[in-house]
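Reader: I would like to go through this model label by label. Please set each value against its cut-off.

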Amino acid sequence: MAEPQPLQAQDKLAFLLALVPYLIDRERVSVAEAARHFGVPETRIRRAVELIAVSGIPGETMQYQHGDLFDIAWDDFEQNDMIVLTNLVAIDDSPRLSAREASALIAGLQYLSALPEAADRDAIRALMAKLSRGAGGASANVAVGQERHDATLATIRQAMSDGCGLVFDYAGPRTQGSTRSVDPLRVESIDTDWYLRAWDLDRAALRTFRLDRMSAVRVDDRQASHSTDDVTIPDTLFQQSADDVIVTVELDASSLPLVADFLADTADVPDADRRVRIRLAASAGFDGVVRLVAGLPGRAVVLDPPAARDAVRAFAASALPAS
């Protein structure tokens, strides 16, 4: 490779700012490999490494001592053309993530890697490894398990990757199941519940399906006719339809964040007892409302309409023999 024109001062600084973290991350790298990575001649890499070796931050005396400069393994550099930084200036003094912070981020990345639309899983794994190495202490062995939905998620991921449709049996908690044919668009979750956003071919509309109510999930032979490019997916998980019934529920204000994605409109102002009234859009069977109340025992009360109250009462009555 012909030697290009010398770098200007600002370009040389930008190059060094990119080269130093690259060398730190690789720990040991050849001059030839570094040159290929940055697309520059090997002579430029050698000159930059020699410049790094005389760079640093002066100590308290404002004079450079040995420990105030970067250093490299000179024998390895001169004899084997290998670059190994042996002394890092100020890098080790920079703030680091605590073990707890690193573990929380690793858990979040594991969650993201489980999503079908998380395309670059190799990058996610590399970042998790880097977080483990860079934490201020040993990060905990955290794992976000989704074993209950792994098979379903894998099938959804395959359908989305292949651009195919999806077929599955779907049933509410108290309704008879039916076979649904959809174009899968996105997988989302709220707390421990996972949902599939998909275009329902039979209803010709966007629908949301709970993964734990899906069974016999399989990839369809046909190609999907809808994608996220031509279907607008609202930010809220559930959308109100013309057939929905508005249900008024009273609950304590501390529970409001748990139901924020289900609200048909804004919540009322909490009263003196920190109780708040919300309105939910529900289907005629009120399955979602029943499940909401069951998940907030003692904290949520259905006020209206009477049919929704009857559905909650029937659910509670059916549960009594089991207790």
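Reader: Where is R210 placed, and what makes that element a strand?
Author: R210 sits in strand β8, residues 205-210. A strand is a DSSP run of E with at least two residues, a helix a run of H or I with at least four, and both are numbered from the N terminus.

Reader: What kind of model is this, and how are values taken?
Author: The model is predicted: local features need pLDDT of at least 70, side-chain atom pairs count only at pLDDT 80 or more, and totals for chains, interfaces and linings use all residues. Residues are numbered from 1 along each chain as its sequence is written, and side-chain values use heavy atoms, with hydrogens and water left out.

Reader: Why is R210 called buried?
Author: Its relative accessible area is 7%. Buried means under 20%, exposed over 50%, partly exposed in between, with a 1.4 Å probe and protein chains only. R210 therefore counts as buried.

Reader: What makes the link between the side chains of R210 and D212 a polar contact?
Author: The distance is 2.5 Å. A polar contact is a pair of N or O atoms within 3.5 Å; within protein, one must be able to donate a hydrogen and the other to accept it, and residues adjacent in sequence count only if both atoms are side-chain atoms. The side chains of R210 and Y195 are also joined by a polar contact, of 3.5 Å.

Reader: Which residues does R210 contact, neighbours within four places in sequence aside?
Author: Y170, D193, W194, Y195 and R291. Contact means heavy atoms within 4.5 Å.

Reader: Why are α2 and α3 called roughly perpendicular?
Author: Helix α2 (residues 31-38) and helix α3 (residues 42-52) cross at roughly 110 degrees, and their axes come within 8 Å. Axes are lines fitted to C-alpha atoms, for helices over the stretch in contact, and angles run from 0 to 180 degrees between N-to-C directions. Under 35 degrees is roughly parallel, over 145 roughly antiparallel, 65 to 115 roughly perpendicular, and the rest oblique. So the pair is roughly perpendicular.

Reader: Which residues make the contact between α2 and α3?
Author: V31, A32, A34, A35 and F38 of α2 meet E42, I45 and R46 of α3.

Reader: What makes β11 and β12 edge strands?
Author: The open sheet has the order β11-β10-β12, with antiparallel pairing. β11 (275-282) and β12 (300-304) each have a single partner strand, so one side of each is left without a neighbour in the sheet. On average, neighbouring strands here are turned by 30 degrees against each other, direction ignored.

Reader: How do you know that β10 and β11 pair?
Author: Strands pair if DSSP finds at least two bridges between them. β10 (residues 245-252) and β11 have eight, in the antiparallel sense. V249 stands opposite I278 in β11, and T248 opposite R279.

Reader: Why is β11 called largely enclosed?
Author: Six of its eight residues are buried, so the rest of the structure largely encloses β11. Helix α8 (residues 287-295) lies across β10, β11 and β12, at about 145 degrees to β12.

Reader: Are V269 and S255 buried or exposed?
Author: V269 is exposed, at 72% relative accessibility. S255 is buried, at 0%. V269 lies in the loop between β10 and β11, and S255 is placed in the loop between β10 and β11 too. S255 touches L296 and R299, not counting residues up to four places away in sequence.
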